[in-house]
Amino acid sequence: MPGLQKILNGVIRFRQTVRKDLVKQFEQILSVTTEPAALELAVKRGKINHVIVCGHSDCKAINTLYNLHKCPKSFDAESPMDHWLRRHGFNSIKKLEKRLADKTAGPIEFVSDNPLFSFQAIIDPEDKLNVEDKLSQINTLQQLENVASHGFLKEFLESQTVDLHAMWFDIYTGEMHMFSKPNNRFVLVDESNVEELIDEVDKHQT
Ligand SMILES: [Zn+2]
C-alpha cells in the first residue's frame, strides 16, 4: 500500500537539505517564543490510506496542560484552551504520572475500544526528554488511541484500507521520530532504519 514511503523519503530529503539551516534559525530565535503548532489530526477522507498523528517538542498546548496539572490554581476560567485541555488532557496526564513513577520506563498500555488497535508504548527509555516532551509523546499516542476508537474508521482499519501512525517532531533538532509498534517506542527516522520502517508500514505493523 503506497503512500507513506513518500513521507519517509521526504523526511530523509529534509535531513539531507534544509534541516541544518532550520536548526540554526531556531538557535537564533530561541529567546523568542516559538509559534505553537496545532497537533495534527488527520481523519479519514476519500482515498487516504495513512492517517498520521504528529506531535512535536516544546508544544505550548502540552506545556500548558502540564502547568495546569502541576498548578491547578493557574486555571483560567475565561480561557477556552484551559477548559479544553483540562477536559481532554486527563488520560495523557494519568499515563505521564505512571511513566514518571516508573524509573524503569516500563510499557504503558494504550487501550482502544477496538482491541486490534490497542498497543503498549515505552516512553523515553533513555530519559532524554524533559517532562513536557514526555507528555507530548504520550499525548500523541493518546490521540492515536482516540482516533482508533472512532466507529466510522472501524471497517477501514480492520480491512487495512487505512493505517494509523504516530510521528513526533523535535523542532529544535529537526529530527522526526516514528512510533514503531514492533519496537513499542518512537524511533528516530534516519538513513539507517528508513527501509525497515517502510517495511513495517508495508506489513501493517505500525
Ligand atoms: Zn503544539
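Which residues does Arg-19 touch, not counting residues up to four places away in sequence? The answer is Phe-14, Thr-173, Gly-174 and Glu-175, where a contact means heavy atoms within 4.5 Å.

A quick word on what you're looking at. This is a predicted model, where local features need pLDDT of at least 70, side-chain atom pairs count only at pLDDT 80 or more, and totals for chains, interfaces and linings use all residues. Residues are numbered from 1 along each chain as its sequence is written, and side-chain values use heavy atoms, with hydrogens and water left out. The protein chain has a mean pLDDT of 85, pLDDT being the predictor's confidence in each residue, from 0 to 100.

Back to Arg-19, which sits in helix α2 (residues 19-28); helices (H or I, at least four residues) and strands (E, at least two) are DSSP runs, numbered from the N terminus. Arg-19 has 15% relative accessibility, so it counts as buried (buried is under 20% relative accessible area, exposed over 50%, partly exposed in between, with a 1.4 Å probe and protein chains only).

Now for the salt bridges: a side-chain nitrogen of Lys or Arg within 4 Å of a carboxyl oxygen of Asp or Glu. By this rule there are 10, including these:

| Salt bridge | Closest N and O atoms |
|---|---|
| Arg-19 with Glu-175 | 3.8 Å |
| Lys-128 with Glu-126 | 3.0 Å |
| Lys-203 with Asp-199 | 3.0 Å |

Arg-19 and Glu-175 are both buried. Lys-128, by contrast, is exposed at 67% relative accessible area, and Glu-126 is exposed at 58% relative accessibility. Lys-203 is exposed too, at 52%, while Asp-199 is partly exposed at 35%.
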